[in-house]
Amino acid sequence: MVRKGLLKSAAVATLAALIICGVPGGIGIKNAYAAETSTSAASGVGTDRLSTGYTAVSKKYTSKNYTGNDIVYKMDDIINPEYKTFLTGNNYSYTGKVADVSAGDKLSLTIEVEKAGLYLLGFDYLSYDESILPIEMSVKVDGSFPFYEMRNLKFETLWVSDKVCDFDRYGNEIVVMPEKSKTWLSKYITDASYNYSDPLLVELKAGTHTIEISVNEGNFLLGNLTLAAEETVPEYKGSEPADGSELITINAIEFFERNDSSIHAAGEYNSKLYPLFSKENVLNILDGSSFDTAGQRVTYKFNVEKAGYYYIGMNYMQSEKSDFPVYVDFRVDGEIPNTEFKDHPIAYTTKYKKYTLKDDEGENLSVYLEEGEHTISLTLSADPIRFSLEAADKIMSEVNDLSLEVTKVAGTNEDKYRDLKLTRYIPDVEERLRGWVDELYALTETAAELVGEKKGEDVAAFAYLRIAAKQLETLAEEPDELIYRVGELATSVNSINTQIANFVDSINSNNLSIDRIYIYQKKAKLPGGLNVFQSLGLSLGRFFHSFFGQSYSTSSSDESHIQVWVNRPRQYVEIMQKMIDEDFTPKTGIDVDLCIMTDANKLVLSNASGDTPDIATGINYSIPFELAIRGALVDLSKFPDYKEIFGRYSEGLLVPSVVGNGLYSLPETMNFYVCFYRTDILDKIGVEVPNTLDELVALLPDLQMRGLNVYYQTAAMLAMRNFHGTTPIIYQNGGVLYGKTALDIDVDSELTVAGFTQLTELFTLYNLPVDVPNFYQHFRNGDLPIGIADFNSYNLILNAAPEIANSWSIALVPGVYDKESGEVLRYMSGGAESTVMFTSDDEREAEAWEFMKWWSDADVQAEFGQMIQIMYGDEYIWPTANLEAFARLPYPTSDKEIIMEQATNILEAPRLLGSYMMERELSNAFNDVVVNGETVRSRIDEVAKIVKRETERKLEEFGYIDSEGNILKEYLVPSVEQVRAILSR
């Protein structure tokens with residue numbers, strides 16, 4: 001395998017010339033439309049990031065590298081006088097005073113530099129809070145950012161464990177909860193995305209400089225500032241033979257420390273792994289899904305009994321990047337031994353295999369180790385693919401520019417009978433299209449050279465780039481037709497930019513799973529896997545045990561215990577059960593068995609068969625009504641302390657819990673909605689995020705003239721526009737779906753019709769996109785720079801869009817101004833999952849209620865949310881419905897404040913007999929008005945008739961009216977007022 005970096009190849013040098021010089025595919029714009037677009041929002045997004053990024057800026061450096069000793073500035077000496085209040089002597093055994101800072105704080109430091117040069121700029125720091133989020137801050141030098149990356153710097157903490165694994169009640173090994181190591185660390189300024197694995201150099205002239213620090217996240221102590229020379233790795237000059245027979249085996253799950261809490265062990269049943277049991281689950285690998293992102297580092301300790309040269313090998317699997325390696329920096333005792341240990345390629349393999357580190361000639365790499373204790377660290381690196389990522393980023397930016405230019409020329413009317421010759425307005429359009437084709441094919445060829453293949457098409461990991469290149473070729477064949485196919489550039493689901501973004505996602509994913517690491521000498525024999533007979537024996541044993549009780553299943557539970565069915569994956573259930581066994585049961589003496597529920601809809605069938613649990617949790621918030629109306633659930637308001645428990649939640653979130661005069665479910669999580677916006681794009685346009693729907697509508701011309709638009713959540717609901725998509729603007733206008741009782745159908749009232757009209761006009765009159773299956777991708781592209789979206793979109797954008805980090809934010813949802821109160825009404829839906837109790841005897845129900853109180857408690861919810869995120873990663877953020885607990889969860893501080901304020905504006909639609917028909921008919925009415933062009937008033941009148949008819953049928957079925965329509969007993973419609981009435985009884 002060829003190991004040299006992209007910039008070392010002739011093909012890449014050619015590609016670099018194409019990209020840097022701006023020939024076909026560059027940004028040399030030749031007409032007025034392009035010139036105007038080049039200053040528009042989307043152009044600024046990519047161009048600013050690329051032109052002011054470290055790659056571009058560092059090429060313009062004129063100073064020489066500093067080569068002297070480290071220059072250390074004590075915090076007490078350099079902090080400016082007005083910031084002295086941050087200084088503290090409580091410094092965790094650090095010499096001298098340090099600054100105690102938190103999110104939102106700013107510091108100003110002044111340093112003297114004797115000699116101009118390129119310096120590494122570093123800080124000593126200690127994170128003392130319990131958050132798993134890394135420290136985040138931005139650093140300015142003399143009032144400006146030296147390069148783009150300094151806008152968002154991350155300083156990680158180290159995580160340790162005092163044991164390898166925990167055990168659940170069934171004897172299975174489970175992931176252990178790591179602890180933050182509250183020790184002083186030092187780090188030089190580094191790219192937060194780790195596209196550069198080495199620290200970044202800052203050019204400083206001789207003289208006085210001001211360092212301004214803005215803390216975005218974390219509570220930490222900031223110690224000395226250091227200027228240092230660039231770190232160098234010794235050149236490889238060959239390897240010595242590792243004579244001897246010593247073998248040191250390191251279990252890859254026995255971490256000494258790691259820089260990301262989510263790096264964890266996993267259990268996999270594979271005959272090439274050790275240990276392996278037929279009955280119990282055992283942890284036996286470093287889980288590749290957690291060791292996945294550039295910059296992640298894991299460190300192991302080992303002891304050498306005999307000094308000498310040693311080889312380094314491992315048993316691993318890397319199956320994420322087809323035909324392409326993962327790159328790893330190997331450090332021994334904190335240092336990279338030589339250049340062959342840096343960016344070392346770990347080849348693609350779909351099966352576990354043993355590999356010993358080798359040089360370019362295939363010779364084993366050796367390292368000399370003295371007798372005693374040592375460490376070995378593995379850090380995932382993106383350095384060899386950095387140029388590919390930057391080139392892809394540049395092409396996406398330019399493709400998006402062209403999309404906007406075409407839209408400015410041709411508008412959004414794609415009438416094929418229009419007589420418009422695009423090449424008259426954008427003369428170089430074909431040249432640019434073909435230039436991008438050349439660049440994309442050049443990238444695939446350099447990838448082939450990197451892995452030793454003859455053709456780029458042999459590298460499956462770069463397939464998305466070839467697809468994008470072929471799409472561009474078809475567009476280049478008929479450039480004037482681009483006005484009818486402009487969506488293929490950047491905005492459609494299968495657009496060119498989508499293909500390139502898919503490449504970026506896939507190439508950034510590393511997924512390196514490791515079973516064992518071997519430090520060994522030439523004559524040592526590495527352990528093998530199970531032989532065929534051992535493997536067969538284990539498989540037969542595994543088959544035999546499958547007929548008996550499985551953990552977290554009804555067959556393994558004790559009927560005398562409280563039975564809780566959980567509609568969540570196993571890792572959630574394992575943590576819940578451990579918390580129950582270690583906290584709830586010892587406190588109350590109540591035993592609880594958790595069972596994994598694969599389909600919450602089966603609860604209705606289970607109720608019919610009489611096979612129900614005591615409690616079900618994690619079920620969709622609409623299901624409790626279906627169970628409660630059939631008498632299957634317990635009215636939780638019968639318990640004496642129910643007011644305290646239900647007082648933990650937003651009143652609007654409790655509306656679906658109401659059936660009659662009772663409360664039948666506790667919210668567990670919420671699906672919050674917020675307004676997302678691209679700060680970079682809005683800044684370029686010169687507009688602010690809208691506060692009301694009127695302001696949003698007023699903003700649309702500025703966006704749409706540039707080919708941009710706004711996303712509203714109804715557009716994501718392709719099959720069924722549920723209440724989350726149809727009711728918020730109705731409620732913001734003061735409308736309702738029902739009156740006081742179920743037969744009071746008020747969907748045709750004036751205020752409701754006004755709200756529904758405002759909703760539909762967003763799409764019919766103001767041209768918001770009607771069908772957007774993937775807002776996340778459009779938000780990344782920048783063509784939908786504003787959008788009202790939910791928790792799932794938030795999780796994706798926060799954790800799966802690193803290229804726009806620090807270029808987006810969230811705000812409260814734009815609402816409707818209420819003249820009477822003088823406030824903006826921002827009602828939004830927010831229901832997600834709930835917890836319910838099934839009917840039983842009084843004693844069992846009392847015990848079940850104790851569990852529900854415990855599980856909904858703020859301390860328990862906060863602990864669970866922190867544990868799941870610490871152990872499994874940032875994408876496992878827990879959206880608890882308990883706002884007190886939510887305030888303690890590791891969400892970004894600025895985002896948390898917005899989400900919690902918006903959560904107080906949650907207002908769910910009521911669930912009652914026939915309400916499913918209301919939901920369905922509002923969806924049909926939306927489609928008929930927006931897609932088929934029907935009028936709102938006539939279609940809403942029809943909705944009222946259909947819903948009334950279905951409601952009467954259901955009321956008769958459940959005994960609320962007789963066959964003649966006479967009311968036997970009133971069915972009260974759930975509402976916030978009714979929630980308040982129940983809570984004030």
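Reader: How much accessible surface does the protein have, and what share belongs to carbon and sulfur atoms?
Author: In this predicted model, the accessible surface comes to about 40000 Å². Carbon and sulfur atoms hold 48% of that surface.

Reader: Why is Arg516 called buried?
Author: Its relative accessibility is 9%. Buried means under 20%, so Arg516 qualifies. Asp515 is buried too, at 2%. The side chains of Arg516 and Asp515 meet in a salt bridge.

Reader: How do you know that Asp480 and Lys421 form a salt bridge?
Author: Their closest N and O atoms are 3.0 Å apart. The cut-off is 4 Å, so the pair counts.

Reader: Which parts does that pair tie together?
Author: Asp480 lies in the loop between helix 9 and helix 10. Lys421 lies in the loop between helix 6 and helix 7. The pair therefore ties together parts 59 residues apart in sequence.

Reader: Why is Glu833 called partly exposed?
Author: Glu833 has a relative accessible area of 25%.

Reader: What makes Asp198, Asp329, Lys342, Asp383 and Arg386 one network?
Author: Salt bridges that share partners join them. The whole structure holds 49 salt bridges.

Methods:
Residues numbered from 1 in each chain as written. Predicted model: local features only at pLDDT ≥ 70, side-chain atom pairs only at ≥ 80, totals over all residues. Heavy atoms only, no water. Areas by Shrake-Rupley, 256 points an atom, 1.4 Å probe, with all protein chains shown as cover. Helix = DSSP H or I, 4+ residues; strand = E, 2+ residues; numbered from the N terminus. Buried < 20%, exposed > 50% of the residue type's maximum accessible area, 1.4 Å probe, protein only.
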